[in-house]
Amino acid sequence: MAGLKLSICFWHLDPLVTDDVLATLKEGKFDVQHCHYKEREQVRKRLIEDPPDLVISDFDLPDSLRAMIEEEMGPYLSEVPLIYLVGEKNARKAAQTLESGVWDFVQKEQLFKLVPSVYSSQKYANVIKQRQKAEHALTESRDRYMSIFKSVHDGIILIDLESRKITEYNPRVLEMFGLSDTEMKSLDLERYSAMDEGYTIKRAREYINEALTGESVSFEWRNIKKSGERFWTLNSFSVVQIDNKAFILLVARNIDEQKKLTRSLIESQEHFRALAENSPDVIMHFDREHRHLYVNGTAV
């Protein structure tokens with residue numbers, strides 16, 4: 001049986017690591033077509049003309065080179081996920097890049113974790129494509145695509161640009177916040193935002209003002225359900241025209257589980273390092289090429 005077809009662009013990745021990645025993905029039932037670039041212009045051209053499904057790059061690069069990679073990928077991260085391969089010593093630093101839009105990072109000595117990460121990245125990319133279709137649908141024809149507006153998994157809210165009042169929302173919004181239609185009509189946004197953590201109405205207005213310049217604005221937000229439970233969403237603001245009237249389109253995706261998984265991974269890595277560093281035994285770790293990756297303090 002043929003595997004899941006996937007096009008991958010490897011950027012600044014060691015050929016030996018690339019071979020290991022391809023072997024791992026093959027075991028994970030992926031049918032991979034790949035390219036290997038090091039020049040910025042090559043990747044830029046590929047992203048514009050024929051975007052791959054995924055970009056995999058080495059995190060253990062000079063800061064300036066990694067910054068260049070993230071800068072070039074920035075406008076495409078919502079459509080083309082970026083996964084970093086990282087050595088253990090830089091894992092915590094790599095985790096911080098998730099806040100800026102990088103999809104995931106996988107330690108080089110744990111490549112078996114790449115398979116679920118790639119699967120989830122493609123699922124996420126498909127969700128983004130569905131969201132873009134919904135936004136495009138609302139711009140072109142409200143009647144024709146209302147079924148999409150009502151059925152997508154993300155929460156969608158339409159806000160009148162002039163009055164700043166909510167005019168439409170889909171059922172997912174009610175589910176996310178635990179609200180009824182009646183409560184939604186008299187919604188107090190301050191009550192459902194983590195104001196004490198800095199997620200204020202003033203901050204939201206700044207995002208809206210940025211969207212008014214014509215570009216879609218993506219940002220994370222800390223929300224509060226009716227029950228008092230707090231959760232994270234990945235949001236986007238954009239301005240759309242419906243029946244010759246301007247609206248602010250807010251699309252919100254619940255990313256609370258992703259946040260918890262990231263936090264759990266960091267805590268697990270810190271716990272392992274603490275155990276290893278305090279062990280009376282010598283602990284060393286090598287990759288398949290017998291390259292030294294880690295040694296605890298006992299060996300020093």
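The following legends describe close-up views of a predicted model.

**View 1. Two cysteines, Cys9 and Cys35, without a disulfide.**
A disulfide is a covalent bond between the sulfur atoms of two cysteines. The search of the whole structure finds zero disulfides. Cys9 takes part in none, and the cysteine sulfur nearest to that of Cys9 belongs to Cys35, 3.6 Å away. Cys9 is buried, with a relative accessible area of 1%, and Cys35 is buried with a value of 11%.

**View 2. The salt bridge between Arg40 and Glu71.**
Side chains of opposite charge can pair when their charged atoms come close. The model contains 18 salt bridges. One of these joins Arg40 to Glu71, with 3.6 Å between the closest N and O atoms. Arg40 belongs to helix H2 (residues 40–49) and Glu71 to helix H3 (residues 63–73), so the pair ties together parts that are 31 residues apart in sequence. Arg40 is partly exposed, at 24% relative accessibility, whereas Glu71 is exposed, at 57%. The two residues also belong to a network of salt bridges that links Arg40, Glu41, Arg44, Glu71 and Glu72.

**View 3. The salt bridge between Lys226 and Glu183.**
In this view Lys226 forms a salt bridge with Glu183, and their closest N and O atoms are 2.5 Å apart. Lys226 is found in the loop between strand E8 (217–224) and strand E9 (230–242), while Glu183 lies in helix H8 (residues 181–185). The pair thus connects distant parts of the chain, 43 residues apart. Both side chains fall in the partly exposed class: Lys226 has a relative accessibility of 41%, and Glu183 has a relative accessible area of 24%.

**View 4. The salt bridge between Asp196 and Arg230.**
The side chains of Asp196 and Arg230 meet in a salt bridge with an N to O distance of 3.0 Å. Asp196 is placed in the loop between H8 and helix H9 (201–211), and Arg230 is part of strand E9. The partners are 34 residues apart, and the pair links distant parts of the chain. Asp196 is exposed, with 61% relative accessibility; Arg230, at 28%, is partly exposed.

Ser117 is located in helix H5, which spans residues 114–140. The residue is buried, with a relative accessible area of 4%. When neighbours within four places in sequence are set aside, the contacts of Ser117 are Ile83, Trp103, Asp104 and Val106.

Strands of a sheet pair through backbone hydrogen bonds, either parallel or antiparallel. Here five strands form an open sheet with antiparallel pairing, in the order E7-E6-E10-E9-E8. Strand E7 (166–169) and E8 are the edge strands, each of which pairs on one side only. On average, neighbouring strands of the sheet are turned by 30° against each other, direction ignored. Strand E6 (residues 155–160) pairs with E7 in the antiparallel sense over three bridges. Ile159 has Ile166 in E7 as its bridge partner. Helix H9 packs on the sheet and touches E8, E9 and strand E10 (245–254). The direction of H9 makes about 160° with that of E8.

Phe177 is part of helix H7 (residues 171–177). With a relative accessibility of 14%, Phe177 is buried. Phe177 and Lys225 are separated by 48 residues in sequence, yet the distance between their C-alpha atoms is 4.5 Å. Apart from neighbours within four places in sequence, Phe177 is in contact with Tyr192, Asn223, Ile224, Lys225, Lys226 and Phe231. Among these contacts is Lys226, the residue that forms the salt bridge with Glu183.

How values were computed. Residues numbered from 1 in each chain as written. Predicted model: local features only at pLDDT ≥ 70, side-chain atom pairs only at ≥ 80, totals over all residues. Heavy atoms only, no water. Disulfide = S-S within 2.5 Å. Buried < 20%, exposed > 50% of the residue type's maximum accessible area, 1.4 Å probe, protein only. Salt bridge = Lys/Arg side-chain N within 4 Å of Asp/Glu carboxyl O. Helix = DSSP H or I, 4+ residues; strand = E, 2+ residues; numbered from the N terminus. Contact = heavy atoms within 4.5 Å. Pairing = 2+ DSSP bridges. Axes fitted to C-alpha atoms, helices over the stretch in contact; angles between N-to-C directions.
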